[in-house]
Amino acid sequence: MARATGEKPAPPSSKLTVSVLVRRKKPLAAAHKLGKLRLTRAQFRANHAADPAVVKLVRAFAQEFGLTVERGTPAPERRIMKLTGTVAAIQKAFGVSLMHKTLDGATYRVREGGIKLPDELIGKVEAVLGLDNRPQAEPHFRVSGEQGAISSRLAQAGGFATPHASASSSFTPVQVAQLYKFPQPSDATGQTIGIIELGGGYRTKDLATYFKSLGRKAPTVVAVSVDGAKNSPSSANSADGEVMLDIEVAASVATGAKIVVYFAPNTDQGFIDAIGQAVHDTTNKPSVISISWGSAEVNWTAQSMQALDAACQSAAALGVTITVASGDNGSTDGVGNGQNNVDFPASSPHVLGCGGTRLQGSGSTISSEVVWNELASNEGAGGGGVSNVFPLPSWQSGSNVPKPTNSTGGRGVPDVCGDADPATGYNIRVDGQNMVIGGTSAVAPLWAGLIAVANKATGKSAGFLQPLIYSAKGKAAFNDITSGTNYEGTPVGFAAGPGWDACTGLGSPIASKLIGLLNVSSSAPSTKRRGGHTARPRKSRPPVKRRK
């Protein structure tokens, strides 16, 4: 993250809205128990929605400090209460100082000091989000050639790079699907794929032109506004590349699927609100959600990671699969702290982390697939490693995951992989131009499309996949990637090898075998109530402090 400058107090009379995440009535089950058994939405609401007693306490707290509770919040299953007030009132209520600082030429609101709550809310409020509105995540896509390193600053400021002429071994998403043994045709009619976007937009005309070039009908695409963000395409906004990549890959490999794009502000508050809205969207009902945005764990606060992971945990409990890009900067995740780092939310134990490879082949035959690593030419590498926040899940216990730097961590990233090298990337249309784009941003929607196809084929949602794919039977559904590394120089990162590794996870999909595996596994909703706790960020960084 860049350093902020130009500090001055936020105007005390200006208004803002914060998200207060309240605890559940009862805790959800731990990640390893969220496989075949899952909850209906009625069961979820009855047992794991917002605790009404806590909601009542927060309403009283808001009234005491002159804050307005936004109408319709909390939606019980989402547990987020929106409180609006002046900067002066918010600072007094939460015991913080809010400053305006300049970051890369733009001014943002920054929180200083730990959040404080009255004794009666300690342990009952899990997070307070929206005090800080700096960009939280970056898109994980790359363009071939010397202009290919797309940073979070470029994504904010614009300047989408065009591909180098050297990207001659690129594929359409349909060709990638053929290499990975997707059914032909890859029918996902009746399925809905949700996509989270924190910037940019799509143009319907471009989508029509693109799918006509593939000989396919353009998908139905619906834009959903979260926290005021909208579909905002612009030829000068590189985030359009992310949005179009996600839509075009997912819809190309999952023919007939409806695509719902949730546009949210690029803040921790916006990111978490978008996931919550998608997971609990009973109108569009996505069975799988694709996320191609993220940032290294060290760039997140503990409360933000806990809140976002909890949203993903809800998805797992409800049978909604979430696929997440693992990052494009190799084992360091682009952090210059001399250590290996993993990307979040890919490191959440409740999502399917998606790493990257360099794929070569034709028709349905793969001639070569190795770890994506072009760090020597500054063109990125698949992210992967070991979480320093989330402990080793039980379903990874036999995978020989390396030890984390921090003893409280242990979750291995990624789980799976797919073609991501921009040199063997995807033919995509963005803002009227045909381009070749890669990055793990392409792998998350590829896997989301595969899950949608599987859901159509099996007649049931795949849901939380990890316990199944890490089982002995699951290994046959993958191309095991055994060659390559995801680092250059120091620190020493990770190397591919037989079985799971911290570069490519279990491997790239053999779709036909994966669908067969899902078809024989039971995923009927359970009527049993379950308790237990999920993995949480380390306790040494509590989200709030006790008010005396």
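## Two helices side by side

In this predicted model, helix H7 (239-253) packs against helix H10 (residues 440-458) at an angle of about 30 degrees, and their axes lie 8 Å apart. That angle makes H7 roughly parallel to H10, since angles under 35 degrees count as roughly parallel. The crossing of the two helices is right-handed.

Which residues of H7 and H10 meet? On the H7 side they are Glu242, Leu245, Asp246, Val249, Ala250 and Val253. Their counterparts in H10 are Ser441, Ala442, Pro445, Leu446, Gly449 and Val453.

With a relative accessibility of 2%, asparagine 455 counts as buried. Leaving aside residues up to four places away in sequence, asparagine 455 touches Gln191, Ser287, Lys460, Ser461 and Ala462.

Next, have a look at helix H6, which covers residues 204-213. Asp206, Leu207, Tyr210 and Phe211 are buried there. These four cover an arc of only 120 degrees around the axis, which puts them on the same side of H6. Thr204, Lys205, Lys212 and Ser213 are exposed, and they sit on the face turned away from the buried side.

What do the buried residues of H6 pack against? Their partners are helix H5 (173-179), strand S12 (221-225), helix H7 and strand S23. After H6 comes glycine 215, whose phi is positive, near 75 degrees.

Strand S14 spans residues 288-291. Val288 and Ser290 point one way from S14, while Ile289 and Ile291 point the other way. Are these residues buried or exposed? All of them are buried.

S14 pairs in the parallel sense with strand S11 (residues 192-197), over 4 bridges. In that pairing, glycine 194 stands opposite isoleucine 289 of S14. S14 also pairs in the parallel sense with strand S16 (residues 321-325), again over 4 bridges. Here isoleucine 291 has valine 324 in S16 as its bridge partner.

## An open antiparallel sheet

Another sheet is built from 3 strands in the order S10-S24-S23; this sheet is open, and its pairing is antiparallel. Strand S10 (142-143) and strand S23 (426-430) stand at the edges with a single partner strand each, so one side of each is left without a neighbour in the sheet.

How many bridges join S10 to strand S24 (residues 433-438)? There are 2, and the two strands run antiparallel. Valine 143 has isoleucine 437 in S24 as its bridge partner.

## Loops and backbone details

Some details of the backbone are worth a visit too. The peptide bond from phenylalanine 344 to proline 345 is cis, with omega near 20 degrees. Proline 345 lies in the loop between strand S17 (343-344) and strand S18 (352-362). A cis peptide bond also joins threonine 490 to proline 491, with omega about -5 degrees. Proline 491 belongs to the loop between strand S25 (478-479) and strand S26 (508-509).

Threonine 482 is found in the loop between S25 and S26 as well. At 44% relative accessibility, threonine 482 counts as partly exposed. Not counting residues up to four places away in sequence, threonine 482 touches Ala496, Gly497 and Pro498. Threonine 482 and glutamate 369 are 113 residues apart in sequence and 8.8 Å apart in space, C-alpha to C-alpha.

Two lysines have a positive phi, a value found here in a residue other than glycine. Lysine 181 has phi near 65 degrees and is found in the loop between H5 and S11. With 35% relative accessibility, lysine 181 counts as partly exposed. Lysine 285 has phi near 55 degrees and lies in the loop between helix H8 (268-279) and S14. Lysine 285 is exposed, with a relative accessible area of 58%.

How values were computed. Residues are numbered from 1 along each chain as its sequence is written. This is a predicted model: local features need pLDDT of at least 70, side-chain atom pairs count only at pLDDT 80 or more; totals for chains, interfaces and linings use all residues. Side-chain values use heavy atoms; hydrogens and water are left out. Two strands pair if DSSP finds at least two bridges between them. Buried means under 20% relative accessible area, exposed over 50%, partly exposed in between (1.4 Å probe, protein chains only). The arc is that of the directions from the helix axis to the C-beta atoms. Contact means heavy atoms within 4.5 Å. Axes are lines fitted to C-alpha atoms, for helices over the stretch in contact, and angles run from 0 to 180 degrees between N-to-C directions. Angles under 35 degrees count as roughly parallel, over 145 as roughly antiparallel, 65 to 115 as roughly perpendicular and the rest as oblique. A crossing is left-handed if the near helix is turned anticlockwise from the far one by less than a right angle, and right-handed if clockwise.
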